[in-house]
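Hi,

Here is the structure I promised to pass on. Have a look at it first, and my notes follow below.

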Amino acid sequence: MNKTIAVVRGDGIGPEIMAQALAVLDRVAEKFGHTFAYAEAPIGGNAVDRFGDPLPQASLEACLAADSVLLSAVGGPKWDHAPKEKRPERGLLRLRAGLGLYANLRPARLFGELRDASPLKPEIADRGINFIVVRELIGGAYFGEHSTEKLDGEYYAKDVMGYSEHEIARIARVGFETAAKRRKKLCSVDKANVLDSSKLWRKVVTEIAKEYPDVTLSHMYVDNCAMQIVRDPAQFDVIVTENLFGDILSDEASMVSGSIGVIPSSSLGDGARGLYEPIHGSAPDLAGTDQANPIGMILSAAMLLRFSFGMTEEAATIERAVEALLAEGFRTADTMSAGKTPLGCRGTGAEIRKKI
Ligand code: IPM
Ligand code: MG
């Protein structure tokens, strides 16, 4: 197959981990007889510096023209005080909206080999952590009306969290579909004891459940869910939730698995084109030190092959290579433990390529 992948090299450690992912993709292309062309799409802080815009029109067009999009991470302290429209995060949010990517799938999984990296007590971690957070990505407070105004002599700011029925219904279906392919348990997370948007959320999700009689649906308040993720993560199979709750819970979920550096994610809309990125940030303090863990980025590339291109065997080949590397005891600094062999970012990429 001939495919074009838009490549967002990003900020901080982004370019380093992306280089490793592309080298792995090239190795896969060589082995399976595919051709991958890479279209550069500068987005984030580097795009602000070069073009004065975190999502230049040409970059959005490159992503829209590509078969799929691979992104490392954007942002850094350098742009923390920039005005809103010049912040790297704005580029990412506009890209998600511009590509219509309403479903963000973030797996939380404790790799057996990385068990020591989980901060949970062994008796909790040993019950297994393997669930997916399905986060609504282009609605809610992130995309509602925002304003800051002077009222009665002081500033008043607001961000409106709103959802329409069709926005809830389409993400609920992704939640049910995802659960149907797994252990068939869907937990919908909301704050229906307080928020109107959550009451509507619960009503619509309950309605959609009728289409999926094989999936068991439960509801949980978001505060309780935050607690359950550390108390008993084994209870979860798939969690579906709105944008802001999903942002917070998915960070928590990645942390309990102890290996934020190795977890990929996908953002999908109605077509085959998606946006694939590791869930970690741009770690500016590690940039240029060859210490970053490229595994989350490389597994994001595998996810892209599987979900956007239907290349199941190619994706599995990458995943097996990563598992073999971990089984042999190679570790980057973030997952290092006693008796393991330290490897840098480039070394990890090279070792994975060797195994493909
Ligand atoms: C994430 C990040 C983004 C978000 C930021 C960078 C805008 O935290 O992908 O979870 O809040 O969605
Ligand atoms: Mg986040």
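Helices are DSSP runs of H or I with at least four residues, strands are runs of E with at least two, and both are numbered from the N terminus. This is a predicted model, in which local features need pLDDT of at least 70, side-chain atom pairs count only at pLDDT 80 or more, and totals for chains, interfaces and linings use all residues. Residues are numbered from 1 along each chain as its sequence is written, ligands are numbered from 1 in the order in which they are written, and side-chain values use heavy atoms, without hydrogens and water.

Let's start with helix 11. Its 16 residues, 312-327, reach 22 Å from first to last C-alpha, close to the 22 Å expected at 1.5 Å a residue (1.5 Å times one less than the number of residues). Among its buried residues are I318, V322 and L325 (buried is under 20% relative accessible area, 1.4 Å probe, protein chains only). The buried residues of helix 11 pack against helix 1, helix 10, strand 13 and helix 12 (contact is heavy atoms within 4.5 Å). After helix 11 comes G329, with a positive phi near 90°.

Now the ligand. Around ligand 1 are E89, R96, R106, R135, Y142 and D247 (each with a heavy atom within 4 Å). Oxygen atoms of ligand 1 lie 2.8 Å from a side-chain N or O atom of R106, and 2.9 Å from a polar side-chain atom of D247.

Enjoy exploring!

Best wishes

Notes: Buried < 20%, exposed > 50% of the residue type's maximum accessible area, 1.4 Å probe, protein only. Polar contact = N/O pair within 3.5 Å; in protein donor to acceptor, adjacent residues only side chain to side chain.
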